[in-house]
Amino acid sequence: MDMLYNILIDPFAQMAGAPDFLIQVIWEGFVAGVLYALIALGFVLIYKASGVFNFAQGIMVVFAGLSLVGLHEKGVPAWLALILAIGIMAILAVCIEKFVMRPLVGQPDIILLMATIGMTYFLIGLGEVIFGGEPKQMITSELGLPTGSTAFEMGERGLVILQHIDIAAAVIALLMVGGLAVFFNRTRIGRALRAVADDHTAALSVGISLNQIWAIVWFAAGIVALATGIMWGARSDVSFALEIVALKALPVLILGGFTSIPGAIIGGLIIGIGEKVGEIYWGGLVGGGIESWLAYVIALIFLLFRPQGLFGEKIIERI
Amino acid sequence: MFYREAGQYKTTYAADQQIFPIRQDRIGIAVILVVALLLPLAASEFTLSAIAIPFLVLALATIGLNILTGYAGQLSLGTGAFMGVGAYSCYKLVTIFPEVNVIVHILLSGVFAAAAGVVFGLPSLRIKGLYLAVTTLAAQFFLEWCFIRIPWLYNYNSSGAIEVPGREVFGTLITGPAASGTARYYVVLAIVVVMTLLIKNVIRGRIGRQWMMIRDMDIAAELMGVRPLIAKLSAFAVSSYVCGVAGAMFVFFYLGASEPAVFSITLSFQVLFMAIIGGLGSLVGSFFGAAFIWILPILLRVGLPALGVDVAAETVFQVAQMIIGALIIFFLIVEPHGLARLWAIGKEKLRVWPFPYA
């Protein structure tokens, strides 16, 4: 009985008792969710265009963030470092396309997945050799991003604190999704990307260059990774630990569906808010720390009812 | 020329169905076994404990994963956690029943891992492929969390780690820090050889064929009378059992003490790499893959400074990681079916040599 009370009644009583705290928790979850969504966005971009499940997206985030900070540490001004970091992601995209994706065209999914894990290993090693293994401080103020925070009064007894950088992250994520939507739907390259996603062979036959498209997609994913790296880095540090966090994008993708950009965003928010609220209000019952797996279990339960995700295409199987 | 089955007539069904139907294979296996048995005479304590023992244990874990991913076609990223279940349940068994032979405990601990595997394998009945991989990630992170948050599992140690107590078999110390490398090596070798043989036979038999049917096309298999529930869950159970035993051995014969971080996702990936590089759906490939992924970094760490590449110890580790990443991609490009396929091609070449046109 006590147990049931603790699970079913008490958390809600706490929520009702301190609505300002609840809003704070939901806000924290929202911001974490935005960042998960950004990582997931990188996954979706590549999955849509090439059917590759890009495991290296997490390390690409770290790598982009590290090159930005590393260049700045070498004395390069922040704006130039940003441009150079974008350049590095472009070079990376071309290299990945040329040396990994092109030779592996037509291989089964698992082989491509493995290749991206191999890439992860390579990039971790490369990043550590070049930039060292220590966490680095993100150059938030130099990039012109807001720091500081604003407190909102909630009635007479509550206070909700919003970090400006979090608001900036949400805005940037929104802009990115908007920009990608326009890019996909309104531009020539975007149409070519969607054509490739629909059918490789048909796209080839109408004169779309697969190699070029893939390089562009990896570059777009690289830019998303750079934005994610800046935002994550501003919240904590730029370190290789981010790579494990990036795995959280997988349950996000499952919730949203592998091929849907809005799905990535909404899935990210559900996972982000769900795991924060779960951790704060229910985590204490089992000793805390459930954040590390709650997202996966949410995704697992979800999968049992809707295997293709919220917005994914229906899976049809034939013999 | 030397590797040719010509003239070896099979006169009984038993002879035709044996594991190694070709005489040269039997000789080869015998030679490998003899070398493995004599290895402690030639090898140093370091070679035995840091290379040979973990190689054998990880090869067994790779076989476990290969059953699931290579034979039954269910992608799993939770191998590390299932190995952890084996290790922790073995530790609990050994401390609760100290008078029972430790080898019995090690073999029993796999049962707990199998149970965990079946529970987390349940979603495989509805989902497959990458989606299933995510549910096994749930297993990975949830079980890892259990190892940290449930103090009963590590007997309320203040360090949060499990330490292997010394246990004797036939008057020889085989576990714990004081046990000699040779003794541990022989126990590991015996378990790995016996289990590999058993698994080989399971795969050759009815269950193994059902797994492969499920892998190749589950709907078609179902129409032909294979029950997916039984086939998939038995694959999860057997695979997790093998992984659990490997995990128990990993701690009891190699590490000596372990903390939850040992069974992190890194280990899962390492084993998955071994399975892929070695060749999915191949037992001999599991050994190749384990050797490649486990021994190569050690060689690189020893070899790079010796080659005159003067770098700090830390950098060697990172460079080794880069090289491994690059090699993985290289191998996937050159031979996506793994080292086992290279081995098969080599055998075929040897068969027709020196008359390749014959």
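Visitor: How do α3(B) and α11(B) lie to each other, roughly parallel or roughly perpendicular?

Guide: This is a predicted model. Start with the angle between the helix axes. Helix α3 of chain B covers residues 45-71, and helix α11 of chain B covers residues 265-278. They pack at an angle of about 70°. Angles of 65 to 115 degrees count as roughly perpendicular, so α3(B) and α11(B) are roughly perpendicular to each other. Their axes are 9 Å apart.

Visitor: Which residues make the contact?

Guide: From α3(B), look for Leu58(B), Ala61(B), Thr62(B), Leu65(B), Asn66(B), Thr69(B) and Gly70(B). From α11(B), look for Val271(B), Leu272(B), Met274(B), Ala275(B) and Gly278(B). By class, that contact has seven nonpolar, five polar and no charged residues.

Visitor: Now the two chains. How many residues does the contact take from each chain?

Guide: A general idea comes before the count. The size of an interface is often given as the accessible area lost when the parts come together. Here we count residues instead. The contact takes 33 residues from chain B and 37 residues from chain A.

Visitor: Which helices supply the side of chain B that touches chain A?

Guide: α6, α9, α11 and α13 of chain B each supply at least two residues. The largest share, twelve residues, comes from α13(B). By class, this side of chain B divides into 25 nonpolar, six polar and two charged residues.

Visitor: What is the secondary structure of chain A?

Guide: Chain A has 13 helices and two strands. Its radius of gyration is 21 Å, close to the 20 Å that the globule rule gives for 319 residues, so chain A is as compact as a globular protein of that length. Its C-alpha trace spans about 65 × 60 × 35 Å along the principal axes.

Visitor: Which residues have the most contacts inside the largest nonpolar core?

Guide: In soluble globular proteins, nonpolar side chains tend to be buried together. The largest nonpolar core in this model has 215 residues. Ala37(A), Ala40(A), Val217(A), Val57(B) and Met249(B) have the most contacts inside it. Take Val217(A). Beyond four places away in sequence, Val217(A) touches Leu45(A), Ile46(A), Ala49(A), Ser50(A) and Leu193(A).

Visitor: Is Leu153(B) buried or exposed?

Guide: Count the neighbors. A residue is buried if 20 or more other C-beta atoms lie within 10 Å of its own. Leu153(B) has 21, so Leu153(B) is buried. Leu153(B) lies in the loop between α6 and β1 of chain B.

Visitor: How many residues apart in sequence are Leu153(B) and Tyr88(B)?

Guide: They are 65 residues apart in sequence, and 6.5 Å apart in space, C-alpha to C-alpha. Tyr88(B) is one of the residues that Leu153(B) touches.

Conventions. Residues numbered from 1 in each chain as written. Chains lettered and ligands numbered in written order. Predicted model: local features only at pLDDT ≥ 70, side-chain atom pairs only at ≥ 80, totals over all residues. Axes fitted to C-alpha atoms, helices over the stretch in contact; angles between N-to-C directions. Helix = DSSP H or I, 4+ residues; strand = E, 2+ residues; numbered from the N terminus. Parallel < 35°, antiparallel > 145°, perpendicular 65-115°, else oblique. Contact = placed C-beta atoms within 7 Å. Nonpolar A, V, L, I, M, F, W, Y, C, P; charged D, E, K, R; others polar. Rg over C-alpha atoms; globule rule 2.2 N^0.38 Å. Core = buried A, V, L, I, M, F, W, Y, C linked by C-beta atoms within 7 Å. Buried ≥ 20, exposed ≤ 12 C-beta atoms within 10 Å, placed from the backbone.
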